[in-house]
Amino acid sequence: MMSDRVLGGVGLALAVFYAWAATIIPEPFSSDAIGPDGFPMIIALVLGLSSVYFVLKPDPEPQWPSLNRLAEIGFALLVMFGYAQVLPVLGFVFATIIITAYLTWRLGARPLTAILNGVGTSVGLFVLFELIFGLSLADGPLGF
Amino acid sequence: MIKTTLAGGAIAAALAVTAPFAASAQEFTPDQPECIAPAAAGGGWDFTCRQVARIMRETDLIDGSMRVQNLSGGGGGVAYAEVVNKRNDENDLIVAASTATATRLAQGAYPGNTMDQVRWLGTIGADYGVIGVRPDSEIEDLPGLMSALEEDPRSISIGGGSASGGWDHLKVLIAAQEAGIEDLRAIKYVAFAGGGEAISQLLAGSLQAYSGDLSEAMGFVESGDLRVLAVLAPERLEGDFSEFPTAAEQGLDVVGANWRGFYGPGEMSDEAYDWWVGQLDTMYASEEWKAVMEQNGLADLDLHGDEFNEFVAESVSDIEEISREIGLVQ
Amino acid sequence: MDTFASLYEGFAVALTWQNLLLALLGCFLGTMMGALPGLGPANGVAILIPLAFTFGLSAIAALILLTSVYYGAMYGGRISSILLNIPGDEPAMMTCLDGYPMAQAGRAGEALALSGVASFVGAFFATWGLVFLAPLLVQIALLFGPGEYFVLYTLAFATLGGIAATNQAKSAFAAALGIGIAMIGVDTQTGVQRFTFGEVHLYDGIDFLIAIVGLFALSEVFVFLEHRGSREQGKDEAKMKIGRVTPSLSVLRYCTPAMIRSTVLGFISGVLPGAGASLGSFLAYSVEKQVSDPRSETFGKGDPRGVAAPEAGNNAASGGALVPMLALGVPGSGTTAVLLAVLLTLNIQPGPLLFQNNPDVVWGLIAALFIGNFMLLALNIPMVGLFTRVLLVPTHILMPIVAMIAFIGIYSITGSTFELTMMVLFGALGWILRKLDVPLVPIILGILLGNEMEVNLRRAMTISNGEWTTLFDSWLAIILWTIAIVGFVLPIFLGKRVKRKMKEAEEEGPLSD
């Protein structure tokens with residue numbers, strides 16, 4: 001119950017924010033009948049109305065994970081953000097070994113398996129994408 | 001008085017003085033040549049990179065192959081900023097560009113970046129603008145379209161493949177300005193995702209006129225579904241295209257060329273710059289490239305090195321002036 | 001007959017050993033590209049273009065290779081939908097809805113084989129449609145002005161309610177969220193920035209691939225992290241069996257009407273430029289659900305018809321999308337846009353004269369489509385057993401690999417870490433929304449179709465000088481409006497009846513679950 005009400009609240013805030021952001025769209029050189037802000041306003045309205053509905057008629061509460069599970073997810077999220085940042089610095093192969101090994105480990109594998117999976121995934125995907133498909137992945141200091 | 005021939009002088013000059021660039025003995029060769037396509041795989045810039053990489057490899061202008069790196073975002077602005085901020089002194093790097101790049105630079109759509117932050121290498125061809133109508137249209141010629149627009153702009157919708165304020169739109173506005181139309185804002189331009197889509201809406205009867213590039217219009221002209229009012233070239237084109245009147249001979253001095261080419265990082269060494277310019281020049285002259293140009297409907301526009309730099313500078317300042325005059329930018 | 005003679009010529013051109021090998025290679029690579037989340041058919045074709053040039057192929061040979069990739073990717077997308085609940089590409093999104101439940105029920109092999117057959121049926125008949133109806137269909141496509149397109153997209157959103165039957169408000173919320181995301185970037189009709197807040201990376205908008213990979217693939221990783229170690233999950237996995245690897249004749253017969261309906265619908269959606277395969281699979285699924293299962297008793301829980309319909313639909317649409325591409329030079333989807341570029345490089349100008357000027361190419365291409373199609377069927381059915389081996393890989397090994405494929409797929413086509421960060425955000429959002437029972441399909445549909453819907457409305461308004469009546473002034477528009485209204489009202493009405501029935505049942509005794 002509570003979760004849906006929170007969703008409704010967040011959705012309502014989002015709708016208001018969206019509508020506000022639509023009002024600050026700069027005035028175009030020549031505008032059509034609807035303009036760049038007309039359709040977004042309608043969308044904000046739908047977003048807002050459906051959010052009000054959640055507040056008034058919430059669904060039963062979902063089963064949220066325990067705190068340490070939440071922390072697990074939060075930490076995985078941080079690792080993924082980190083991966084996006086260090087990819088151009090470390091290069092594809094090393095960055096990918098680290099994140100794959102981490103995720104494998106956290107999903108329940110033993111450390112050795114995790115490292116092996118990291119190396120295997122990283123090298124395998126490098127061969128597939130960079131060497132076979134000819135795409136360019138991020139270069140590290142060693143050129144891969 | 002504003003100059004409405006968009007870099008027309010530069011094009012004419014280039015056509016007159018086709019100075020062959022002497023590929024003199026140079027020390028520089030790139031270790032890892034790389035071409036950035038400032039859009040996702042599959043777009044026009046991506047195509048420019050991949051085609052040039054292919055021809056350069058086939059004609060042995062580069063050892064091995066040139067990597068093509070896609071770097072999309074901001075209509076090319078992300079790649080531009082990346083080159084200026086992070087890769088400013090690299091010698092192995094070139095980036096695909098086109099009239100769209102110049103238009104966005106002129107309209108300030110790459111925030112904080114200007115055209116003189118990079119070194120402009122050369123063109124690989126151009127696509128001239130076309131303004132057309134349905135064959136059964138009552139409009140006979142370009143001045144006819146302009147006077148119809150002046151009388152009742154509400155009755156005519158013009159479609160094109162670029163966003164509002166983009167190249168296909170600008171061509172119409174420039175012509176209208178040249179024709180002395182006062183209220184440019186009243187002209188109805190309808191943006192489509194591509195020229196083909198605009199033409200099919202012209203055929204479907206939703207639009208009354210079309211503004212685009214010759215290459216995308218060709219098939220419909222041949223089949224008799226589209227009548228060309230004017231080609232926006234400095235003089236009549238060759239071969240099959242010679243039947244189309246230019247805007248200039250109808251009294252509207254408008255030239256619009258959508259060029260394709262490359263720039264390199266701003267601090268690229270002179271040796272590297274000369275090398276890339278020389279390779280592009282040699283490639284341009286090759287039979288293989290002539291075939292690619294013909295296949296893609298590209299017309300001749302052979303500008304390399306300093307000439308190209310001047311050309312871009314001039315076209316950026318022209319577009320800027322016109323965009324301001326019209327009210328597209330403040 | 002003339003058409004058959006031309007087709008025969010086409011086969012004569014296409015049927016050489018070299019071309020057959022190329023078709024096989026293309027089908028295989030395409031299936032892989034399609035199955036990898038993050039690489040769609042459009043990117044697949046774009047990426048493999050250099051390969052065609054590296055081999056120095058002739059125009060026909062290059063076309064055969066690349067169209068095989070195109071069809072292959074359309075087949076491949078379903079594999080990860082069914083096995084992992086992660087669509088390999090956007091048209092395969094609808095296949096998750098019943099494909100994954102089938103896999104969970106131990107019918108993965110059957111679902112894969114059935115969807116392979118459905119894909120074949122869709123693509124096969126769409127290719128025949130291309131052969132006989134192309135000139136006629138162009139006329140239909142030309143009936144659609146901006147106003148009619150707007151109504152068509154409205155129709156797609158109106159029928160959303162029929163899919164997620166649980167909570168209509170949540171469907172509406174999700175669709176609005178998707179359309180809202182689609183609005184980000186340069187407004188093509190006026191050239192001004194919207195919702196970008198000065199961030200250059202947002203100027204081009206948010207690529208739907210980023211959203212789909214984040215929402216589906218990464219959120220799946222979070223779901224597994226959440227349940228790691230809990231006993232139930234372990235049991236579920238142990239139960240996950242492959243089942244038979246060929247569909248029984250009775251299932252095929254059971255699904256035949258669904259396939260036929262979906263092929264027709266998908267093909268028509270494909271013919272309309274801009275709508276494409278995603279709309280094809282979406283409409284096929286939602287219509288099939290309303291026809292076969294209006295009370296939501298089996299769809300969404302592993303009904304084979306829910307697998308057959310979207311697969312027949314999206315493959316028929318990919319055949320249909322070739323009609324405007326070849327005959328008008330107008331790409332109906334991202335993939336056909338890339339194919340169009342390929343044709344141009346090969347010195348072939350698509351457009352009204354293509355059939356006259358380059359008959360060898362057109363008929364060679366059509367022959368190539370038939371060949372690729374049979375090859376894909378032949379390749380896919382025996383390989384079902386191989387694909388399903390994926391399920392035997394332990395989750396803790398498989399999920400990180402899938403996540404990394406998602407990352408690389410996005411990075412290799414955009415080259416930007418900003419996009420990766422966005423994707424992770426979508427992953428987190430996807431997990432939260434799944435918890436809250438907000439359906440993800442409408443979000444993707446909104447991102448895919450939102451812009452087209454808005455832009456066509458505004459085009460229509462510009463052309464009509466602001467007259468709203470333009471949205472109702474053709475018979476086609478009125479038909480589409482009627483279908484949209486029926487599609488919107490019917491599920492609400494039926495939903496009420498179902499709820500009442502359920503209540504009655506509850507009063508009579510507890511529902512066995």
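Author: Two strands are said to pair if DSSP finds at least two bridges between them. Strands (E, at least two residues) and helices (H or I, at least four) are DSSP runs, numbered from the N terminus. This is a predicted model, in which local features need pLDDT of at least 70 and side-chain atom pairs count only at pLDDT 80 or more, while totals for chains, interfaces and linings use all residues. Residues are numbered from 1 along each chain as its sequence is written, and chains are lettered from A and ligands numbered from 1 in the order in which they are written.

Strand E4 (residues 118-133) of chain B runs antiparallel to E7(B), and four bridges join them; here Gly129(B) has Asp213(B) of E7(B) as its bridge partner. Strand E5 (residues 157-160) of chain B pairs with E7(B) in the parallel sense over three bridges, and Gly159(B) is partnered by Tyr210(B) of E7(B). E7(B) is mostly covered, as five of its five residues are buried (20 or more other C-beta atoms within 10 Å of a residue's own, with C-beta atoms placed from the backbone).

As for the chains, 57 residues of chain A are in contact with 51 residues of chain C, contact being C-beta atoms, placed from the backbone, within 7 Å. On the side of chain A that touches chain C, H3(A) gives the most, with 11 residues.

Definitions and conventions
Two residues are in contact if their C-beta atoms, placed from the backbone, lie within 7 Å. A residue is buried if 20 or more other C-beta atoms lie within 10 Å of its own, exposed if 12 or fewer, and partly exposed in between; C-beta atoms are placed from the backbone.
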